[in-house]
Structure formats: structure tokens, C-alpha cells
Amino acid sequence: MIVSEMTAQECRMHLAASRVGRLACVRDGMPYVVPISFVYEDGHIYSFSLIGHKVWAMQGHPQVCFEVDEIRSPRSWWSVIAFGRYEELSEAGPRQNERDHAWSLLQKARPNWWEPGSETPHSEDNVASPPHLFFRINIEKITGRRALV
């Protein structure tokens with residue numbers, strides 16, 4: 001097996017081809033990692049979420065880490081890690097165009113892209129829809145490795 005570094009271009013190619021990754025953030029000094037659906041375009045990871053633990057964590061500490069990978073076998077795999085900054089894309093104001101763009105990208109990527117991001121554990125008695133938001137990660141650094149037999 002040979003493990004090698006990937007170029008930034010190869011890393012971006014894998015991000016563009018992936019639809020689920022793991023987002024790492026910090027809240028109250030504790031790390032938190034969660035899988036999210038996303039779309040990558042031009043140095044940005046776009047996603048959608050209910051307001052909750054990960055959003056509160058990113059609001060308080062916007063520096064995050066994001067990882068995607070594919071493991072074909074223990075000796076054939078690749079992994080990409082992106083470091084960046086969280087940015088909310090509001091429904092109104094200066095970020096509305098970016099929010100609409102995020103919606104469009106996610107819509108093209110796959111049907112029902114808002115699931116499971118729009119679902120949260122709750123009782124049947126809770127009829128009010130919880131608030132949600134679109135966000136993006138502005139990538140500041142990207143790195144990747146791959147193993148080949």
C-alpha cells in the first residue's frame with residue numbers, strides 16, 4: 001500500500017463529488033462531530049440545518065473542520081479535510097443571494113436534500129416547525145491523502 005498526499009485540486013474534486021461529510025465544531029470547550037448533507041462549489045461547503053447544537057457551536061466558535069472520505073478496502077481509500085469558517089446565509093439582507101444560491105445548489109444535487117436536516121426528535125404533540133437556516137463553510141485550507149495498493 002502506498003499512502004500519498006492529494007493536490008488541492010484533487011481534494012476539491014472529491015468534495016464536489018461527495019454529498020455527505022462530517023462537520024467538526026466546538027461548544028463549551030467540547031468537540032462535536034456530526035454528519036451533514038452538503039454541496040461544494042468554488043471554495044464553499046453549502047448546507048442546511050435546524051437550529052440546535054451544531055449551529056449554536058458554530059455561532060460561538062465559527063472555525064470548523066469538515067471531512068469526507070471513501071473507503072473501498074483497508075488498503076484503498078481517500079480522505080479530505082477542509083478547515084474553514086462558518087457563515088450563516090440569512091433569508092433577508094446582504095446574504096439573501098447566497099442563501100438562494102445555496103438552496104439552488106442543494107436542490108440540483110439531490111431530491112429531498114432537506115431531509116434529515118429538517119427533522120429532529122420530538123413528540124407528536126409539538127406541532128410548531130422549528131427554525132432552520134442555510135449556512136456555508138468558507139474553506140481556508142484543504143488537505144487530503146489516499147492509499148492505493
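Let me start with a definition: buried means under 20% relative accessible area, exposed means over 50%, and partly exposed is in between, with a 1.4 Å probe and protein chains only. This is a predicted model, in which local features need pLDDT of at least 70 and side-chain atom pairs count only at pLDDT 80 or more, while totals for chains, interfaces and linings use all residues. Residues are numbered from 1 along each chain as its sequence is written, and side-chain values use heavy atoms, with hydrogens and water left out.

Now the salt bridges. A salt bridge here is a side-chain nitrogen of Lys or Arg within 4 Å of a carboxyl oxygen of Asp or Glu. As background, side chains of opposite charge can pair when their charged atoms come close. The structure has six salt bridges.

One of them joins arginine 72 to glutamate 70, with 2.8 Å between the closest N and O atoms. Arginine 72 counts as exposed because its relative accessible area is 55%. Glutamate 70, at 32%, is partly exposed.

Another joins arginine 145 to glutamate 5, where the closest N and O atoms are 2.9 Å apart. This pair links distant parts of the chain, 140 residues apart: arginine 145 is in strand S8 (residues 132–148) and glutamate 5 is in strand S1 (residues 2–5). Strands here are DSSP runs (E, at least two residues), numbered from the N terminus. Arginine 145 is partly exposed, since its relative accessibility is 46%. Glutamate 5 is also at 46%, so it is partly exposed.

Next is arginine 22, which forms a salt bridge with glutamate 67, the closest N and O atoms being 2.9 Å apart. Here too distant parts of the chain are linked: arginine 22 is in strand S2 (residues 20–27), glutamate 67 is in strand S6, and 45 residues separate them. Is glutamate 67 buried or exposed? Glutamate 67 counts as buried because its relative accessibility is 16%. Arginine 22, at 32%, is partly exposed. Arg22, Glu67 and Asp69 are linked in a network of salt bridges.

On to valine 68, which sits in strand S6 (residues 63–73). Valine 68 is buried because its relative accessibility is 1%. What does valine 68 touch, not counting residues up to four places away in sequence? Its contacts (heavy atoms within 4.5 Å) include Leu15, Phe38 and Trp78. Valine 68 is 57 residues from cysteine 11 in sequence, yet 9.6 Å from cysteine 11 in space, C-alpha to C-alpha.

Then the pairing of strands. Two strands pair if DSSP finds at least two bridges between them. S6 and strand S7 (residues 76–89) run antiparallel and are joined by 10 bridges. The two form a hairpin with two residues between them. Within this pair, cysteine 65 stands opposite phenylalanine 83 in S7. S7 also pairs with S8, in the antiparallel sense, over 13 bridges. There, alanine 82 stands opposite isoleucine 142 in S8.

Last, two backbone angles. Most residues other than glycine have a negative phi. Aspartate 28 is not a glycine, but has a positive phi of about 55°. Aspartate 28 lies in the loop between S2 and strand S3 (30–37), and is exposed because its relative accessible area is 71%. Aspartate 42 likewise has a positive phi, of about 45°. Its place is the loop between strand S4 (39–41) and strand S5 (44–50).

Key. Helix = DSSP H or I, 4+ residues; strand = E, 2+ residues; numbered from the N terminus.
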